[in-house]
Amino acid sequence: MMMSSNNMECSAKAKEEEEITKISLMRSLVETQDPSSKEVDDMTLRRFLRARELDVEKASSMFLKYLKWRRSFVPNGFISPSELTHEIQQNKMFLQGSDKKGRPISVLLAARHFQHNGGLDEFKRTPFSLFSLSGCDNLDINLLFG
């Protein structure tokens, strides 16, 4: 049985309203546990909610773990290029302007990646350094690595 376009619009609108409500609930929950989460936009919270099928508790837990990981991985909010000399020397990643929301667009040439002593950790830290150089202070690692 096919739904009419009017019913589909109502369904989509109801889903959007449910997401907005859950984003608000999630925001109040995570802000009480980690005040630094006030800096995060609704789209980021929405991604975590969708990843956990709109379960506010699971999404909040996942998001708080992400914030904790982010602070340990990028303790100063940026990574100095001097920490990534091997990665930078390989010229494997470039900035190519920005998207409609002003976020930097990067191009990663995987064929230029060669393993070295810095290993995977240095490779993962490369985008933070590159984006810091570009003046971007709000890079979302999920956009880069999953």
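Buried means under 20% relative accessible area, exposed means over 50%, and partly exposed lies in between (1.4 Å probe, protein chains only). The model is predicted: local features need pLDDT of at least 70, side-chain atom pairs count only at pLDDT 80 or more, and totals for chains, interfaces and linings use all residues. Residues are numbered from 1 along each chain as its sequence is written, and side-chain values use heavy atoms, without hydrogens and water.

**Exercise 1.** State whether Phe63 is buried or exposed.

*Solution.* Take the relative accessible area of Phe63, which is 0%. This value is under 20%, so Phe63 is buried.

**Exercise 2.** Classify the ring pair of Phe48 and Phe63, and find which helices hold the two residues.

*Solution.* Step 1: rings of Phe, Tyr and Trp (its six-membered ring) pair if their centres lie within 6.5 Å; planes under 30 degrees apart are stacked, over 60 edge-to-face, and the rest tilted. Step 2: the centres of Phe48 and Phe63 are 5.1 Å apart and the planes stand at 80 degrees, so the pair is edge-to-face. Step 3: helices are DSSP runs (H or I, at least four residues), numbered from the N terminus. Phe48 lies in H2 (residues 42–51) and Phe63 in H3 (residues 56–73), so the pair ties together parts 15 residues apart in sequence.

**Exercise 3.** List the residues that Met26 touches, leaving out those up to four places away in sequence.

*Solution.* Step 1: contact means heavy atoms within 4.5 Å. Step 2: with that rule, Met26 touches Leu45, Phe48, Leu49, Val56, Ala59, Ser60 and Phe63.
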